[in-house]
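Subject: Structure handover

Hello,

Here is the structure I promised to pass on. My notes follow below it.

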Amino acid sequence: MPGSGGPQWMVREDASEAVLIALYLRQVLGVRAPDELPPLRGLATVEAERDSDAHATLERQWRAYWAMTVEPQAHPSPIPLDLVDGFETLVALPVEGADALREAIEPHAAEAIAFAHAAHAAYTSRDAGRTGSAYRAYASAIAVHERQVGRRAHSFELNVQILPLAQRGLWWIGSLTIAVTDGLRGDVVAFDAAIHPIIAELA
């Protein structure tokens with residue numbers, strides 16, 4: 001974030017365990033939404049064996065859970081939330097209207113938690129080796145954008161989730177949130193080229 005007195009920008013980078021768990025559950029439940037987002041790397045995608053109505057219900061409930069997980073402030077639940085057994089404090093579902101999803105995910109709690117912890121630890125380990133470079137990557141892209149448009153960047157916020165996805169790339173997963181493959185984030189030149197259009201869109 002630049003100094004005070006001008007436009008302000010904030011980029012938050014993470015590999016959220018809650019987001020990782022949501023994606024793990026998406027894959028083991030056979031949920032395809034969001035269609036454009038690739039599966040997690042190294043994890044088999046399960047084909048849904050429930051009937052079409054039951055699957056549609058499950059997918060609808062997962063979509064609502066996904067939106068609340070990725071951007072909780074933008075998607076508050078109108079119904080009180082309750083933690084799901086086995087998921088520590090990382091999964092909370094509405095006390096009403098999410099019964100199918102709650103029942104489907106409970107058997108996967110231990111594996112989902114283990115996956116999320118491992119993936120987050122891998123991100124933290126990689127991030128520790130590039131102290132300061134996260135800020136520089138975005139600041140550089142913003143500086144280039146400012147030179148191209150001939151003005152200061154507008155104020156904006158961006159959340160970046162660094163995820164072990166099977167396909168290298170970058171995707172919008174919320175109004176202020178993108179998912180970036182860990183491999184792409186680790187490639188300085190490729191990430192710089194990929195983040196420029198996002199910065200241009202926001203700033």
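Where is the place of I79? I79 sits in the loop between α2 (52-70) and β2 (81-83). Helices here are DSSP runs of H or I with at least four residues, strands are runs of E with at least two, and both are numbered from the N terminus.

Some ground rules before the rest. This is a predicted model, in which local features need pLDDT of at least 70 and side-chain atom pairs count only at pLDDT 80 or more, while totals for chains, interfaces and linings use all residues. Residues are numbered from 1 along each chain as its sequence is written, and side-chain values use heavy atoms, with hydrogens and water left out.

Back to I79. Its relative accessible area is 29%, so I79 is partly exposed. The cut-offs are under 20% for buried, over 50% for exposed, and partly exposed in between, with a 1.4 Å probe and protein chains only. Leaving aside residues up to four places away in sequence, I79 touches P94, V95 and E96. Contact means heavy atoms within 4.5 Å. E103 is 24 residues from I79 along the chain, and their C-alpha atoms are separated by 18 Å.

Helix α1
- Helix α1 covers residues 17-29. Its 13 residues should span 18 Å at 1.5 Å a residue, and its end C-alpha atoms are 18 Å apart, so the two agree. The expected span is 1.5 Å times one less than the number of residues.
- α1 is mostly covered, with 13 of its 13 residues buried.
- S16 caps the N-terminal end of α1. A side-chain oxygen of S16 lies 3.2 Å from the backbone nitrogen of A18.
- G30 follows α1 and has a positive phi, near 75°.

Helix α2
- α2 has 19 residues. From first C-alpha to last, α2 reaches 26 Å, close to the 27 Å expected.
- At the start of α2, a side-chain oxygen of D51 comes to within 3.1 Å of the backbone nitrogen of D53.
- The buried residues of α2 include H55, L58, W62, Y65 and W66. Its buried residues pack against α1, β2, β3 (92-94), α3 (99-105) and β6.
- Q61 belongs to α2. Q61 is buried, because its relative accessible area is 12%. Not counting residues up to four places away in sequence, Q61 touches G97, A98, D99, A100 and L101.

Backbone points to check by eye
- Most residues other than glycine have a negative phi, and most peptide bonds are trans.
- The peptide bond from A33 to P34 is cis, with omega near -15°. P34 is in the loop between α1 and α2.
- E88 is not a glycine, yet its phi is positive, near 55°. E88 is in the loop between β2 and β3. With a relative accessible area of 46%, E88 is partly exposed.

The largest pocket
How much space lies in the largest pocket? About 370 Å³. Among its 18 lining residues, V70, E71, P72, N159 and T177 are the closest to the centre. A pocket is found on a 1 Å grid over the protein atoms alone, as an open set of points where a 1.4 Å probe fits, with protein on both sides within 12 Å along at least five of seven lines; lining residues have an atom within 4 Å of a point. Grid points are joined across faces, edges and corners, and the volume is the space filled by probe spheres set on the points.

β1 (9-14), α2 and β4 (156-163) each supply at least two lining residues. β4 gives the most, with four. The lining divides into six nonpolar, seven polar and five charged residues. Here Ala, Val, Leu, Ile, Met, Phe, Trp, Tyr, Cys and Pro count as nonpolar, Asp, Glu, Lys and Arg as charged, and the others, Gly among them, as polar.

N159 lies in strand β4. N159 counts as buried, because its relative accessibility is 19%. Its side chain makes a polar contact with the side chain of T177, at 3.5 Å. A polar contact is a pair of N or O atoms within 3.5 Å; within protein, one must be able to donate a hydrogen and the other to accept it, and residues adjacent in sequence count only if both atoms are side-chain atoms.

One last residue. G174 is in the loop between β5 (170-172) and β6 (177-181). At 22% relative accessibility, G174 is partly exposed. G174 and E71 are 103 residues apart in sequence, but their C-alpha atoms are 6.7 Å apart in space.

Best wishes
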